[in-house]
Amino acid sequence: MPQLDSIRAVAVGLVVLLHWVPGQGVLWLRGSSGVHLFFVISGFLITSILLTAREKSTDQKRFQIVRRFYMRRALRIFPLYYLLILFALFIGIEDVADSFPWHFFYGTNFFIAFKGEYHGFVTHFWSLAAEEQFYLLWPTLVLFLPMARLGGLFVGVVIFGIGFNALGIGMGWFSSHFGYYFPAWSFSFMGMGALFAFWRFQCVQGVGAPWKGLFLEKLPILGLMGALLLTLYYFQTGGEVPKSVWGIFIYNTLYMLTLASVVVAAGKTIKGPVGAVLMFPPFRYIGRISYGIYLLHPFVITGVNLLFNHYGYSIMEIFGPIGRMLFLVSILILITSLSWFAFETPINRLKRFVPYH
């Protein structure tokens with residue numbers, strides 16, 4: 001699914017845009033949309049991998065698959081993450097030091113949700129925490145629950161997350177800040193990706209109901225319709241999110257389906273000019289290194305600004321607004337590329353010693 005790399009590039013671009021130019025976005029797409037795209041991609045890809053592994057294995061082998069799943073994930077996720085937070089702790093970054101256990105044990109989302117405000121350099125760690133929490137039980141559920149129960153599980157995760165968010169915010173039980181960072185909302189995006197991966201798997205195996213295949217086939221069209229409706233709503237309200245329970249529920253469902261349609265379409269390989277753009281090698285490369293970009297981007301902009309200020313210069317005065325952004329993006333890609341080739345890739349190669357089969 002090579003085009004998903006370019007979707008990752010779009011996702012991380014939205015996140016960087018939000019953090020480096022606060023308040024900016026593209027219509028109803030914000031930095032949060034980039035994170036949500038990452039969630040849908042994650043649920044779609046990982047559930048697809050687990051279902052394929054399940055289909056090729058016996059019950060006895062599935063315990064081995066679960067163990068190897070965590071080993072492979074640890075090799076991909078942990079090294080750069082822990083290197084970064086330990087380095088930040090060593091040089092005395094207060095945002096890391098004053099809440100270090102929360103980040104070390106992947107609890108940043110709970111920390112920020114209950115704190116009620118952002119927490120500087122480490123705020124973006126919340127999404128990594130949500131993913132790790134989601135996958136604590138997910139492989140076991142996907143591999144060992146009866147196939148007839150999996151669809152209900154996936155639908156339940158999606159509806160619970162959307163409903164929890166809509167009820168809590170709409171009824172005033174908690175703030176939108178809490179609803180955003182508490183994991184139920186994040187889990188619903190991963191559940192949506194998982195649901196469509198499951199339907200796709202059933203259709204490939206020839207056991208899915210005909211309507212599922214038709215739905216997946218028409219999902220890109222539904223996604224375009226959803227994007228149009230969200231755009232019209234954006235211009236009508238100026239970007240205000242609905243306040244009522246049902247308004248929030250319907251808006252969030254439409255928003256989630258629209259993002260998921262992009263992932264499913266790219267997973268099937270989009271044709272035509274759009275497909276050609278998504279196959280453009282530089283975009284796919286940005287997608288491959290997007291994990292490093294996501295982790296490092298707040299530290300890079302602060303470090304570069306401090307360095308220039310130390311010598312009495314201002315990046316904005318030297319380059320102007322657009323030049324400043326291009327300069328910072330270039331530095332970020334350079335540093336992330338060094339991390340990718342010198343640190344992440346050698347560790348990733350160790351995954352060949354823990355194949356699923």
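**Exercise 1.** Decide whether R54 is buried or exposed in this predicted model, and describe its surroundings.

*Solution.* R54 has a relative accessible area of 9%. Buried means under 20%, so R54 is buried. Its place in the chain is helix α2, which covers residues 31–55. A polar atom of the R54 side chain lies 3.2 Å from the backbone oxygen of L143. Polar contacts require N or O atoms within 3.5 Å. Beyond its neighbours within four places in sequence, R54 is in contact with several residues, among them R62, V142, F144 and L150.

**Exercise 2.** Classify the aromatic pair of Y180 and Y181, and find whether each residue is buried or exposed.

*Solution.* The model has 44 aromatic pairs. In one of them, Y180 and Y181 have ring centres 4.8 Å apart, with 90 degrees between the planes. Planes over 60 degrees apart count as edge-to-face, so this pair is edge-to-face. Y180 has 18% relative accessibility and counts as buried. Y181, at 5%, is buried too.

**Exercise 3.** Classify the pair of F196 and F215, and state which helices hold the two residues.

*Solution.* F196 belongs to helix α11 (residues 183–205) and F215 to helix α12 (residues 210–237). The two residues are 19 residues apart, and their pair links distant parts of the chain. F196 is buried at 2% relative accessible area, whereas F215, at 24%, is partly exposed.

Key. Residues numbered from 1 in each chain as written. Predicted model: local features only at pLDDT ≥ 70, side-chain atom pairs only at ≥ 80, totals over all residues. Heavy atoms only, no water. Phe/Tyr/Trp six-rings, centres within 6.5 Å; stacked < 30°, edge-to-face > 60°. Buried < 20%, exposed > 50% of the residue type's maximum accessible area, 1.4 Å probe, protein only. Helix = DSSP H or I, 4+ residues; strand = E, 2+ residues; numbered from the N terminus. Polar contact = N/O pair within 3.5 Å; in protein donor to acceptor, adjacent residues only side chain to side chain. Contact = heavy atoms within 4.5 Å.
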